[in-house]
Amino acid sequence: MCGIAGLIFPSAVTGQLAALEVMGRAIAHRGPDDTGVLQATTLDGAWQVGLLHRRLSIIDIATGHQPLGNAAGDVQIIFNGEIYNFQPLREELIALGYQFRTASDTETIVHAYVQWGEDCVQHFRGMFAFAIWDARHNRVFMARDPFGKKPLFLWQQDGKLAFASEIKAILALPGVGEHASANQAAIWDYFAYRYAPGPATLFEGIRKLAPGSTATWENGVLRERVYYTPPDSRPRVAAPLPADPVATFLDKLDESVRIRMISDVPFGAFLSGGIDSSAVVALMSRHAGVPVKTFSVGFREGGFSELAYAADIARQFGTEHHELEVSVDQVIALLPDLVRFRDAPVAEPSDIPIYLLAKESRKTVKMVLTGEGSDEILGGYPKHVYERYAGHYQLLPGALRRGLIEPAIGALPYRFRRAKTAIVNLGLDDFDERMPRWFGMMSDQERARLVAMPAPARTREAGLSCGEGSALRRILCFDQLSWLPDNLLERGDRMTMAASLEARMPFMDHELAAYVSSLPDDYRVRGRTTKWILREAMKQLLPQAILARPKVGFRVPVNEWFRGPMKDYLYEHLTGASSRTRHYYHADALQQVLAEHVQGRQNHEKLLWSLLTLEIWHRQYL
């Protein structure tokens, strides 16, 4: 796990390579163990290429320095991530005649590229973002893993191309950060999604390389192609099932956990006490020769703490367990720093405990396994149950829905929040509007009521091809193409790497995803039971109390904080004289939202949190 950055520019433009060092300092937290730089010129002398690597040493600590090249030195790589199948892939390449000088997974990528060219990405099982300088063809080849677990951002202007693991490295370039401006179309989308849907970012001119994509630069031209789309983006093809689909799933999940335990440094696991992280710890315990180190976080407000559940799992599997409690004072103090680490609003309050947990874990380990991605692969949210009813609900007369049912449900107190969310979202006829609204902030109508800025002519990019297949597959497709890479995985990468900690996600194995996608829908969602196949597989390993628990996750008591200790902080940022974003909103509508929340008439915690951190982002960057 590391940080990478690069520059390509015409040779006539002088003094650019010195900026590599500045880019590296901006992402030093991603790789505190080592740094390396490569400077090259194309054969015709027309272009300069600079690559920078910041290393967090996990595998092959002694000889894994980057940039790393082949024996001839004409193919050089900078790499962020892990290739979990590098050992069998290495044996295959040795059989083809390649010789290895290191024990690192990085060298496997180099030889795979020489052997298979751009199709090398089809051979990798892991998480990665890398850039390869191919002096033989005057080419820079970049790639990102299938689900986008590792980030790569791009900036192009006046013939120059810059790329990096984090936006802050690009902003460190002379003339870029000083003139940074907000992408108004992305901000408009943010009010619906709570994040900037890719390939956009909130910064004008900076974009993401899409998950499962490659980019090839040659002679000033950048060509991009998609090499992977999640299997849930296509209708299921009926095929014979294994004799025991649940046992086959458990075998595949067990393998996914086992190969992610390959490490030359101490490692552990994040343990929330939910089924996902508990399953990972249970399977890790099968393969670990010593007690697994586990790390849990909770809140001083007892109703929001899951520490007791996590402690039960830790005792059952004899882990070396560590606990951490978070207070509201830490949240207020950390928010500006976390927005800067994120290069974006901290759209999920749970970013804060994840960061603090990462810092605590980093005292004893350099890598952890997590349960991230299980819900988006296996169907773990209430929305995965409700979405199937959208067509039926929309058959009711519009006057009945909008005039009676929805107002009555909307007036219910907060404890009925899931029913309220379901009814509002099921009433949205447009699939593209409904998908972000399940977890987002506002429908189109709600956004128009609050937001004063004009809607841009073009907002989110087209390309989420989720229009086919069952209702479950369509919503999982959206999760896997948008919600995961642009929100959950992006924040997970930033919050752990801010603490120089690597996080690996066994549920996000593309081979495991392909298997569960090949099964009928009811192996994932059966009746009102989510993640059915995981619950069945874990019956022999986990206690019933964990299997039957409703989904909680890292729930943060923002609702209470905004009515109490964070009330003045919230008002000052959104309505105070120094607010940078209050012009985005209709003042009376914003005051109504604030009053409804503070007075306890409605819970707008998700909306208000997103508006607050958007304001902090403006203060940090613009």
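Predicted model: local features only at pLDDT ≥ 70, side-chain atom pairs only at ≥ 80, totals over all residues.
A disulfide here is a pair of cysteine sulfur atoms within 2.5 Å.

View 1. Residues are numbered from 1 along each chain as its sequence is written, and side-chain values use heavy atoms, with hydrogens and water left out. The structure contains one disulfide. C466 and C477 form it, with 2.0 Å between their sulfur atoms. The torsion about the S-S bond of C466 and C477 is about -70 degrees, so this disulfide is left-handed. C466 lies in the loop between α17 (444–450) and α18 (471–497), while C477 is in helix α18, so the pair ties together parts that are eleven residues apart in sequence. Helices (H or I, at least four residues) and strands (E, at least two) are DSSP runs, numbered from the N terminus. Are these two cysteines buried or exposed? C466 counts as buried at 2% relative accessibility, and C477 is buried too, at 0%. The cut-offs are these: buried means under 20% relative accessible area, exposed over 50%, and partly exposed in between (1.4 Å probe, protein chains only).

View 2. C2 is buried, with a relative accessible area of 4%, and C120 is buried at 0%.

View 3. Six strands make up an open sheet, in the order β2-β3-β1-β9-β8-β10, with antiparallel pairing. For this, two strands pair if DSSP finds at least two bridges between them. Which strands form the edges? They are β2 (34–41) and β10 (206–208), each of which pairs on one side only. From one strand to the next, the twist averages 15 degrees. L154 has R207 in β10 as its bridge partner.

**View 4. Strand β1 and its neighbours.** β1 and β3 pair in the antiparallel sense over nine bridges, and the partner of G3 in β3 is R54. β1 and β9 also run antiparallel, joined by four bridges, with L7 standing opposite A162 in β9. In a regular strand the side chains alternate between the two faces of the sheet. How many of the nine residues of β1 are buried? Nine of its nine residues are buried: C2, I4, G6, I8 and P10 on one side, and G3, A5, L7 and F9 on the other.

**View 5. Helix α1 across the sheet.** Helix α1 (residues 19–26) lies across β1 (2–10), β2, β3 (47–55) and β9 (160–164). The helix runs at about 155 degrees to β1. Axes are lines fitted to C-alpha atoms, for helices over the stretch in contact (heavy atoms within 4.5 Å), and angles run from 0 to 180 degrees between N-to-C directions.

**View 6. Aromatic pairing around Y195 and W483.** The structure holds 23 aromatic pairs. Y195 and W483 form an edge-to-face pair, 6.0 Å centre to centre with 65 degrees between the planes. This pair links distant parts of the chain, as Y195 sits in the loop between α5 (184–193) and β10 and W483 in helix α18, 288 residues apart. Rings of Phe, Tyr and Trp (its six-membered ring) pair if their centres lie within 6.5 Å; planes under 30 degrees apart count as stacked, over 60 as edge-to-face and the rest as tilted. Y195 is buried at 4% relative accessibility, and W483 is buried at 5%. Both belong to one aromatic cluster formed by Y193, Y195, Y381, F439, F478 and W483.

**View 7. Charges over rings.** R474 lies over the face of F431, 4.0 Å from the ring centre. The charged end of R526 sits over the ring of W532, at 3.7 Å from its centre. A charge sits over a ring if NZ of Lys or CZ of Arg is within 6 Å of the ring centre and within 35 degrees of the ring normal.
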